[in-house]
Amino acid sequence: RAGWAVVVREQRHLEPPAQRALGRAHRLHVEEWVHALAVARPDLDDAEVRVIVHGVLGLAAPFAARYDSGVDRAGTEELLHAAAMAVLRLSVPERAPGSR
């Protein structure tokens with residue numbers, strides 16, 4: 001948690017090559033999650049997978065970095081886990097034929 005907080009708060013102070021390397025590492029991290037979810041949820045198209053992955057990461061990132069929820073750490077982790085799993089399992093509404 002402390003390491004992630006430093007990255008979030010201080011990345012703007014890095015030299016440009018280090019900022020680019022951090023950006024590449026982040027994109028690779030996201031792509032690994034996209035691949036894993038695409039395998040686990042073949043019912044979703046690529047755009048849906050990406051929206052869900054970014055949603056889950058966006059849900060968890062503030063808590064990982066610095067948020068004090070007032071709930072003990074174990075309780076916070078349980079809440080985040082339950083929320084993330086609900087998002088990962090959500091049913092995507094049927095699309096009308098020809099829509100996008």
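Modeller: Ala84 touches Val56 and Leu59, not counting residues up to four places away in sequence; contact means heavy atoms within 4.5 Å. This is a predicted model, in which local features need pLDDT of at least 70, side-chain atom pairs count only at pLDDT 80 or more, and totals for chains, interfaces and linings use all residues. Residues are numbered from 1 along each chain as its sequence is written, and side-chain values use heavy atoms, with hydrogens and water left out.

Helix H4 spans residues 73-89, 17 residues; helices are DSSP runs (H or I, at least four residues) numbered from the N terminus. From first C-alpha to last, H4 reaches 24 Å, close to the expected 24 Å, where the expected span is 1.5 Å times one less than the number of residues. Its buried residues are Gly75, Thr76, Leu80, Ala84 and Leu88. Buried means under 20% relative accessible area, exposed over 50% and partly exposed in between (1.4 Å probe, protein chains only).

Ala84 and Leu88 belong to the largest nonpolar core, which has 10 residues in all. Such a core is a set of buried Ala, Val, Leu, Ile, Met, Phe, Trp, Tyr and Cys residues joined through side-chain atoms within 4.5 Å. Helix H2 (16-40), helix H3 (46-65) and H4 each give two or more residues to this core, and H3 supplies the largest share, 4 residues.

Val87 is also found in H4. With a relative accessible area of 27%, Val87 is partly exposed. Val87 touches Ile52 and Val56, again leaving out residues up to four places away in sequence. The C-alpha atoms of Val87 and Leu59 are separated by 9.8 Å, with the two residues 28 apart along the chain.
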